[in-house]
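Student: I have a structure open and want to learn how to read its packing. Where do we begin?

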Amino acid sequence: MSRDRQGRGLQVISRTLGRLLVRAGYHVFVSQDVMSRIRGGHNFARVRISTGPVAADGEKAEILVALDPALVVRHVADLAPDAVVLTDAAGGMPEGLNAVRLPLVDLAREHGRDAVMANAVAVGAALALVGLELTGLEDLFESQFAAKGGDVVRRNMAAAEAGHRAVVEDMKRCCPRKLAGAEPGDRLLISGAEAIALGAIAANVRVVTGYPMSPATPIVEYCFRHAREAGLIVEQTEDEISAANLAIGAAFAGARAMTCTAGGGFCLMNEALSLAGMTETPLVLCVGMRPGPGTGLATRTAQADLLFVIYAGHGEFPRAVLTPADAAQGFQAAQDAFRIAEKCQTPVIILFDQFMADALWTVERSELRVENRQERQVPEGVQPYGYRRYEVGEGGLSPMVLPGTPEQLVYADSDEHNEAGHITESAAMRVRMVDKRNAKTAGIRQEAEVKVEVEAKAKAEKETLVFCFGSSRGVVAEAVARLREKGRKVAMVHLHYIWPFPVEAVTALAAKGAKVVTVEQNYSGQLAQLLAQECGLRVAGTVRRYDGRQFSVAEVEAGLEQLTREVG
Amino acid sequence: MPDVTPWSSPAEKTWCPGCGNFGILNALKAALVAAKLEPSQVVVVGGIGQSGKVAQYLGANFLHGLHGRALPHALGVKLANPGLKVIAVGGDGDMYGEGGNHLLHAFRRNLDIVCLVHNNGVYGLTKGQAAPTSGPGFATKNRPMGTLVPAFNPLAAGLVMGGSFIARGFAGDLKHLTRLIGDALKHKGFGFIDILQPCVTFNHVNTFGWFRERVYDLALEGHDTSDEDAARARALEWPAETGDARIPLGILYRAWRAAYESCGQPGKPVVRLKSDLGVVKKALEDFE
């Protein structure tokens, strides 16, 4: 666990440390806890290091790195027995802890010529504590700071070396926490937001829009940074209304387009969502969940917009909602979203939670597969001016032609329309078009049915099925594994394609299981409601949390044990 | 008649007899034909109201979308494919009310599109409520005693926001309007025209006759379209508190600055870019 008061460089420190450890063969999981303010506040990152895959925070910290000793007191309860507390030599801190007091700021001034380099001193010191050398660190600093120019890389390196040296010299008293040896692998450390952005680029996105709002901003920022080499147009619009409608205009013109926002901004996009449904425009929306209502907890996590997103927008039209758990699923979800949107000519929503977006996940490079991308299928042999945008085809699908095609016209209409796209009030045509649009739901549902994921083998056993979606997966999987070790009959079912609800697959699973419970980050048990509504399942209980923080493995384990007991 | 017809439409025109919209539609079509544009190269994005139906009736590509959102749609179309000629059409409710924020930023962006606003000073399709451009005292069902606030001045707002082509036309002078739309089509930037369009059903104050008594052609009075101060003075002549104000027609202001879609965007229209897996492979290296 590492923390500082200014929030300065916290993300740099945790990412640099994380990448070095991943390169050394470890699996690393980094989560951020950040306050909604520009500077300062109580910000920290948790870094979990393992020789095997990790997708959740650890329970207690073995090492606490605090640039300011005054803040150690806030984390005493989070420490494992005998945890090492690495902090600055100057300033008071609680008694009785296993402290390594180093002059972090003085070393930073001396070797890095800047107090800010205390971060680098701490990185060097932390690596010494876990028994690692600084091999490869300079390369990482290079990739982080090269753009800043000058001698920033060298000064950071000098600061890190000073921190490393100080711990090594003091090794006896420092009680190092040597890591077990790790198997090298071809792995990456990437945030959920970056993975979604990169997945979209892999899916040939060309226009990305947004209005800054946590937790969606990092997706747009990633796209901004890579706009040139990836051939993207990235627009920060005057508001979310414009962001969504701009994307619709671009998609109508033939570009794959995506807009990014949080629940609050998505409220403003509902009108556009409905328009995309009516005009049958392929539109991908990334919607990040944070605790509401209203402004809520701007920088924290929740899973309370599930039902909202599923039902958002006036009128009836098909949509897909994907709820990826982590970076690997986010990368895949972005590609799936564009494939479905393009094929079914309808909006697709990637619904993620803040925790998923901001955490750094270790993924095998081979997990990030780029699928063959299908370019827009332009129908051939259409007579001049014979193209009709809303011709009723199989599964409700119509051929798509790009505006600008010589001797063809494309009419996209928000009013009820005939097959050509002209406004109509004919009752018969209205029924025909409603049926056409909604017929596309079956095609989308087929995609969802095959994606229901069951962790552990819930075969014929009478097991308790633990349903979850989004980033809860890592925590639930670990809690379920612990319960199974204790001999409990439980299995996790994670839904990362949640709408149209995979009714058949879930019903078939539930028929084998003994009972159904959910784990979700909201007050009202929204997934439990869906299971009841869509599959007629009686949900025996829900482990809930809605304080804006991610579940811990222990609390999910305890919650599930209690639910198992209660319902016998 | 077939469903899809260039420069014409099988759709029944649902405007009131005598409506100014007929003339505006004809002027737009004449200007596009004179500019030698093919209908397949033109995209009309329409707002919702009687004005937005121009999209349906013109016989070019159209995206007939939402009330107030024509400009964001136009931005999306133009950025994705700058090769298309994009025309945003809406009413005073669309552009000055519901979509007011988009309009302010459209002036700043200077996207190379044409924006036509049918300004009739009243809401037609919802049957007679006050518009942002209704003059003070304009009585409606909602406010029988008259509008309480001054009318929105789109030309002055456009000037302040850095608009590069600010003009006013009149549905009662189609020759002038056709020429004006032609100038806006030629302008490399945001060609904005506020069009005085008498509503024969709901606005019994600002009639064709009322306008004819007040309008004058700026070009005939030696107005310098590059003079921002002069443009501002002309813009402030109307709407006015007094009923005897003169109303300037023509180009108030024209300046040359880079059109938005040419600023720092990929060299090729993005609709024509093919996928490149190398980009993803290389980007992943940042996470090693």
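Student: Which residues in α7(A) meet which residues in α13(A)?

Tutor: Keep in mind that this is a predicted model. To read a helix pair, list the residues on each side. From α7(A) come G192(A), A195(A), I196(A), L198(A), G199(A), A200(A) and A202(A). They meet A327(A), G330(A), F331(A), Q332(A), A333(A), A334(A), Q335(A) and F338(A) of α13(A). The contact has 10 nonpolar, 5 polar and no charged residues.

Student: At what angle do α7(A) and α13(A) pack?

Tutor: About 35°, with the axes 7 Å apart. The crossing is right-handed.

Student: Which residues of α17(A) are buried?

Tutor: Look for burial, then for its direction. In α17(A), residues 503-512, the buried ones are A505(A), V506(A), L509(A) and A510(A). Down the axis they fall within an arc of 125°, so they line one face of the helix.

Student: Which residues touch the most other members of the largest nonpolar core?

Tutor: L86(A), V121(A) and V466(A), in a core of 263 residues. Take V121(A): beyond neighbours within four places in sequence, its contacts include L104(A), L107(A), A159(A) and G163(A). A second, separate core has 5 residues, among them V122(B), Y123(B) and C199(B).

Student: How many residues does each chain give to the contact between chain A and chain B?

Tutor: Count each side on its own. Chain A gives 57 residues and chain B gives 48. On the side of chain A, α10(A) supplies the largest share, 10 residues. Both α7 and α11 of chain A are among the elements that each supply at least two. By class, that side has 32 nonpolar, 13 polar and 12 charged residues.

Conventions: Residues are numbered from 1 along each chain as its sequence is written. Chains are lettered from A and ligands numbered from 1 in the order in which they are written. This is a predicted model: local features need pLDDT of at least 70, side-chain atom pairs count only at pLDDT 80 or more; totals for chains, interfaces and linings use all residues. Axes are lines fitted to C-alpha atoms, for helices over the stretch in contact, and angles run from 0 to 180 degrees between N-to-C directions. Helices (H or I, at least four residues) and strands (E, at least two) are DSSP runs, numbered from the N terminus. A crossing is left-handed if the near helix is turned anticlockwise from the far one by less than a right angle, and right-handed if clockwise. Two residues are in contact if their C-beta atoms, placed from the backbone, lie within 7 Å. Ala, Val, Leu, Ile, Met, Phe, Trp, Tyr, Cys and Pro count as nonpolar, Asp, Glu, Lys and Arg as charged, and the others, Gly among them, as polar. A residue is buried if 20 or more other C-beta atoms lie within 10 Å of its own, exposed if 12 or fewer, and partly exposed in between; C-beta atoms are placed from the backbone. The arc is that of the directions from the helix axis to the C-beta atoms. A nonpolar core is a set of buried Ala, Val, Leu, Ile, Met, Phe, Trp, Tyr and Cys residues joined through C-beta atoms within 7 Å.
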